[in-house]
Every structure is written in C-alpha cells, then in structure tokens.
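Please view the sequence and structure below alongside the text.

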Amino acid sequence: MRADISAADLENFLIDKAPRAAYYIPDYITAAEEEYLLRQVYNAPKPKWTQLSGRKLQNWGGLPHPRGMVPEKLPTWLQTYTEKISSMEAFEGNAANHVLVNEYNPGEGIMPHEDGPLYYPTVTTISLGSHTLLDFYLPINRQSSEKTEQVKVPLTEEQRHVLSLLLEPRSLFILREDLYKNYLHGIRPLTEDTLDHKVANLDQCTVGAEETLTRRTRVSLTIRFVPKVLKTALFLGKRK
C-alpha cells in the first residue's frame, strides 16, 4: 500500500478534466495486497454472496436501511483499508463503516444510477483483478439548458454521457461533491474498452489513448460511511 496520504496530499490526485470532484490514485495497493484481498473475497462463506442481474456482491458492515444500519464488525482484512482511507479525511472526519464487494465478469455492468441517501455523499473504490470504465451521465431531469427548449423527448443515454474514467487494477478512486451528487454513474456491459478523448483521467493512468483493453473478472471494494446506525434492540422494535 502507498504511504499514508493526507487530505492535503489528496489534491495532487484530483482529476482536473472532470467536474469536481474525483480523485484517482494508481497503484494504491501492491500486487501482493491485491492477491491477498482476492483470496479473502473468494474464501468468504457462500451465503455471503448475493446474485444480482449483471453482477454478484458481498455486503460487509451491516445492511443499510432507511431506518438505520445495524452495524456488524468488519473483518480485519477490510478494516485495514477502511481505516487507511478514512485517515485521508475522505469522509470528512467520519470513519468508513460499510464495504460492498462487487464481482463483475467480462460483459457485466451496472446501469447508470446514484448511490442514494443512505450513504454519506462520498464513495471510495479499490479495484482488483481487472480495469473497468466508469461512465458518468446527466440525469434525465438535468439536461443542459441549451437543449432543454429544443428537445421534447428525453435525450438518449449516449447523448447524456459526459465522460468516462478508467479504473485500473490496484487503484483507489474517490468520488464526491458535484460529480457524486448531480450525475449518474454506471458501467457498460462490455468485454473490452477502447480508450478515447472521453476518458478524462488517461494522463494519470499507465496506458494511453486509442488502446483497447480486454476486461477480465473485476472485484471492487466499495468503501463508504453510513451515517445512520441503530442499536439492534431499537431496530427490532424493542424501544422502551
């Protein structure tokens, strides 16, 4: 893992060709750490996995819920990284308490979405095993003002696409502020990606424009802070 990165250091990793604010730290972990983390993910008990359309996932730290999350202690192999990322002030003084592990096989992705109100408005992601392209879109209700008067039907997903970011294996990605709150993000279900001018962080990556990258199985550790945490007794309706 890289040496400790402070909140001030983080600005050195700002992606300046994207709306504020996205940060990209290549080689945040070593190849040995990547191998260790993948081993821990796949050694988890089978009931930990939930199969969804286009991906499967593990939920660690508790199940986020509108009424609040009943916290579960994170395993040591995840706690190490939640503490390191929290020490950067990624969550502005709060400590990450939730990790979603996603597995994407080649050709799998996730539709454009926002992360919703259960989470603090910052998401941090460590990528393992493969790259991916993370795409950002204008929401349907936030088309650019010049086009709103002229277009009577919603723009297509492609027309609403604003930019892409390349997330390489072993990198750390941090998303917050306007880019988190006012745009949708998703992953297209592709087996390879050709890098072009819409990839806003290429100058911070180890590859260049016009390269075509073949996707392998990617595991992402999505590390977040859930502000609303409940005691188990309260969650079970035993409030006195």
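The largest pocket has a volume of about 330 Å³. This is a predicted model, and every value here is computed from it. The second largest pocket holds about 220 Å³ of space, and there are also two cavities of 30 Å³ or more.

**Largest pocket**

- The lining of the largest pocket consists of 21 residues. Those nearest the centre of this pocket are Asn102, Tyr104, His113, His185 and Thr222.
- Two or more lining residues come from each of β4, β5 (110-113), β6, β9 (172-176), β10 (184-187) and β13.
- β13 supplies four residues, the largest share of the lining of this pocket.
- Sorted by class, the lining of the largest pocket comprises 10 nonpolar, seven polar and four charged residues.

**Second largest pocket**

- About 220 Å³ of space lies in the second largest pocket. It is lined by 15 residues, and His131, Glu168, Pro169, Arg170 and Thr206 are the closest to its centre.
- The lining of the second largest pocket has six nonpolar, five polar and four charged residues.

**Largest cavity**

- The largest cavity contains about 60 Å³ of space.
- Its lining is made up of Tyr104, Asn105, Pro106, Gly107, Glu108, His131, Thr132, Ile187, Leu190, Arg215, Arg216 and Arg218.
- These lining residues divide into four nonpolar, four polar and four charged.
- Tyr104 lines the largest cavity and is also among the residues nearest the centre of the largest pocket.
- His131 likewise lines the largest cavity and is one of the residues closest to the centre of the second largest pocket.

**Helix α2**

- Helix α2 (residues 31-43) has 13 residues, which at 1.5 Å a residue should span 18 Å; the C-alpha atoms at its ends are 18 Å apart, in agreement with that value.
- Which residues of α2 are buried? They are Glu33, Glu34, Leu37 and Val41.
- An α-helix has 3.6 residues a turn, so residues three or four places apart point the same way.
- Ala32, Glu35 and Asn43 are exposed on the other side of α2.
- The packing partners of the buried residues of α2 are β2 (49-52), β3 (55-60), α3 (76-86), β4 (98-104), β6 (122-128) and β13 (218-224).
- Of these partners, β4, β6 and β13 also each give two or more residues to the lining of the largest pocket.

Conventions:
Residues are numbered from 1 along each chain as its sequence is written. This is a predicted model: local features need pLDDT of at least 70, side-chain atom pairs count only at pLDDT 80 or more; totals for chains, interfaces and linings use all residues. Side-chain values use heavy atoms; hydrogens and water are left out. On a 1 Å grid over the protein atoms alone, a cavity is a set of points where a 1.4 Å probe fits but cannot get out, and a pocket is an open set with protein on both sides within 12 Å along at least five of seven lines; lining residues have an atom within 4 Å of a point. Grid points are joined across faces, edges and corners, and a volume is the space filled by probe spheres set on the points. Ala, Val, Leu, Ile, Met, Phe, Trp, Tyr, Cys and Pro count as nonpolar, Asp, Glu, Lys and Arg as charged, and the others, Gly among them, as polar. The expected span of a helix is 1.5 Å times one less than its number of residues. Buried means under 20% relative accessible area, exposed over 50%, partly exposed in between (1.4 Å probe, protein chains only). Contact means heavy atoms within 4.5 Å.
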